[in-house]
Amino acid sequence: MKGPASRLLAVLLAVCMLVSLSGCWNYSEIDDMSIVAGVALDTNKADNNIQMTVEMVDTQGGLQDNETGFKILSLSGDTIFNIARSMISITGRKLFWSHAKVIIISEELAREGLIKVIDWYSRDTETRADVFIFISGEQNARQVLDLNSTKKTIISFELAQMMRDEKFTGTAPVVEIWDFIDKLETPGKNAIAPLINISEVNGQKNERVAGAAVFVGDRMVGKLDGKETQFTLFAKNDIKGGVLTVDNERGIPTYSLEILSSRTKVKPVWTGGKLQLQVSTLTHTGLDEVMSTVDLNGKESIQAIEERASADLQEQILAVIRKVQREYQADIFGFGKAVHDDMPQIWHGIEKRWPQEFKELDIKVTSKVVIQSTAKSSRTIKLGD
Amino acid sequence: MGKEIIPAGQSISIVILFIIGSSLFMGTSGESGNSSWIALILAVLLTLPLMLIYARLHVLFPGKNLYDMLIAVFGGFIGRLFCCLYIWYTLHLGSLVLRNYGEFSKTVALTSTPMLAPMLIVGLLCIWAVNAGMEVVGRSAKFLLLFTLAVIVVVQLLSIPKFEYQHLQPLLDSGWGPVFQDMAGTFTFPFAEIVVFLGAFTVLPRKGSAVRVLISGVVIAGVIIIGVSVRNLLVLGPEILSSLYFPSYVAVSRINIGDFLTRIEGSSAIIFVTSLFIKVSLCLYVACQGIARVFKLESYRSVVLQTGLIMVCMADFIYKDITQMQYFAYHIYKIYALPFQVFIPLLLWITAEIMAHRSTGREEDVQ
């Protein structure tokens, strides 16, 4: 086959292919979808099933507005995926999940067990597992998302931004779904998740993330407040920043140390026929605030502040470990994993009764705080006579 | 019939891409959790002697491929019977690999596209390449290898911030038993699958070059697979790793460089297609060579299209679903593949050595 006939055939073939093969198989435009920003999950007492509330970005908002619009939608059902699809019957459009940033779960649901609500999220291909988890300290998880009607912003995106800046406060853990599941599956580790509350000050309602929910397996068993969470994070080697307040010699909070870096080592040792865990922390800080005029070269030296801060930190970390040991028996610090890593033989012997072992575990904490700098000023503010 | 010869560099590229083909995304057998890298090293070491045997076959039968050897050693009838077995094996292997790709695109990449569509497109591409000849496959392999290596290295570097080194501890947590199990698993899939390359030995240039091609190919591919497996382990941890069908895809999806460079897993899936293309092409080529040899055809080219379409078709119905695929790949395959990868080549080698020994005893030259 030569000549014009074959050339014509080639052109015809090319045209056919161009029309039929290029482009997308299941093409959909952005205005055919509702973009999900965040999800809140509650129990629905009336039907004894799950209620899902979705915060969506309103693409209909128009280009003139600087603010993006949002929509809130609630629906109940037996399984998460069922609800996710049933939403179409209300929005008329398929929900688009890859941009969802947060998932807020009510305390009630968390106490029943999280596996049943997060499995779909990590399994389905429409969703992504790098979504931040929160446990609502309020009655409902939905209330948090409902704040957007007064705040006029998309709460989910605000929360995601908050989690990105969480490293500067260090009073709540930053947990993504895959991270949470990883903790569930790792032997000798229990999970924590940040707590979210609505704080009302002077009539202004705002969401506030501080503190942590403690889990045993996938069930929530208790809470830690913001301060305790900070020391928990110290023990877990998860501190990236934040502030340590230090008292002066009379016990009045006077100094602020900005945490520049912190490293924690957990070392299991076998002493006197008993397992002991040695937690040692080394924190580098900068002295960033002095609320008095005391002379730092005199009796209140930098060294004295360092020592007081170290002793205080040591005491606080031990206190929170003791509290978790006594009240929750939840190994949120990963001590079991540390034993597993360093002493596999011993671990296999005690793995089965680890919760009990953990409760009675001997813990020793040593902390060291180093003040590296005093920010811009070399001395305290002096009062002119 | 013009004889096709491809340089050693291109043959090595084919071998590397063939071996890393599907395990790049499927991962390797993972019974031993965080000690799987030991199993991988052992599997590579175990493969090397086998490669020497394969290479020795090339020296004993210069210019012949697997089917010529089988017929020369075992005679017309039994030899052809063995040939049929190998035709089945290569055809089946090609289908398995295509199906892996089909399941991959169905599960994570193109979820609403019917599985047949991506498999058919890659299948047609392979048919085209094989029809054009091994020289084309060799040249594309060399080019695609560079591309694949570049992507692997970049992804490897980008995932370093997500490494958690304590995932490697404790070493040998569950003892040597699972490690040996994994070793057997990774030995058969993917390393010893290179037995398929025996069917393309005619394309190798000189007498002794098979040693170089096979050994360096297996070692380089081994290094790549170990690198990727250790990366997946460090990023995901042994517990999560064991629950995933396509661990690399999920590991890459965790990459997040300053909230800017994220969600690159789709792009990294390209290397799956490139290596798979070479793997399926080689399987198809060898299956067609076998058919041509058994039925005394003039050229293998006359059966490429039919065989390729059968391969795609078989890939479509070979498994019921992805769980069955997973089970077959990690539990049944290591037993199923052993005769093709070890027993028959071993038998062939021993018989050939004896024959060669006898004939040199009787006369100076066989030819």
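1. By class, the lining of the second largest cavity has 8 nonpolar, 2 polar and 1 charged residues; Ala, Val, Leu, Ile, Met, Phe, Trp, Tyr, Cys and Pro count as nonpolar, Asp, Glu, Lys and Arg as charged, and the others, Gly among them, as polar. Lining residues have an atom within 4 Å of a cavity point, a cavity being a set of points on a 1 Å grid over the protein atoms alone where a 1.4 Å probe fits but cannot get out. Helix 7 (134-158) of chain B is among the helices that supply at least two lining residues, and its 3 residues are the largest share.

2. This is a predicted model, in which local features need pLDDT of at least 70 and side-chain atom pairs pLDDT 80 or more, while totals for chains, interfaces and linings use all residues. Side-chain values use heavy atoms, without hydrogens and water, residues are numbered from 1 along each chain as its sequence is written, and chains are lettered from A and ligands numbered from 1 in the order written.

3. Ser367(A) is found in strand 13 (residues 362-373) of chain A; strands are DSSP E runs of at least two residues, helices H or I runs of at least four, both numbered from the N terminus. Ser367(A) is buried, with a relative accessible area of 10% (buried means under 20%, 1.4 Å probe, protein chains only).

4. Leaving aside neighbours within four places in sequence, Ser367(A) has contacts (heavy atoms within 4.5 Å) that include Thr281(A) and Leu313(A). Ser367(A) and Ala309(A), 58 residues apart in sequence, lie 8.9 Å apart, C-alpha to C-alpha.

Definitions and conventions:
Buried < 20%, exposed > 50% of the residue type's maximum accessible area, 1.4 Å probe, protein only.
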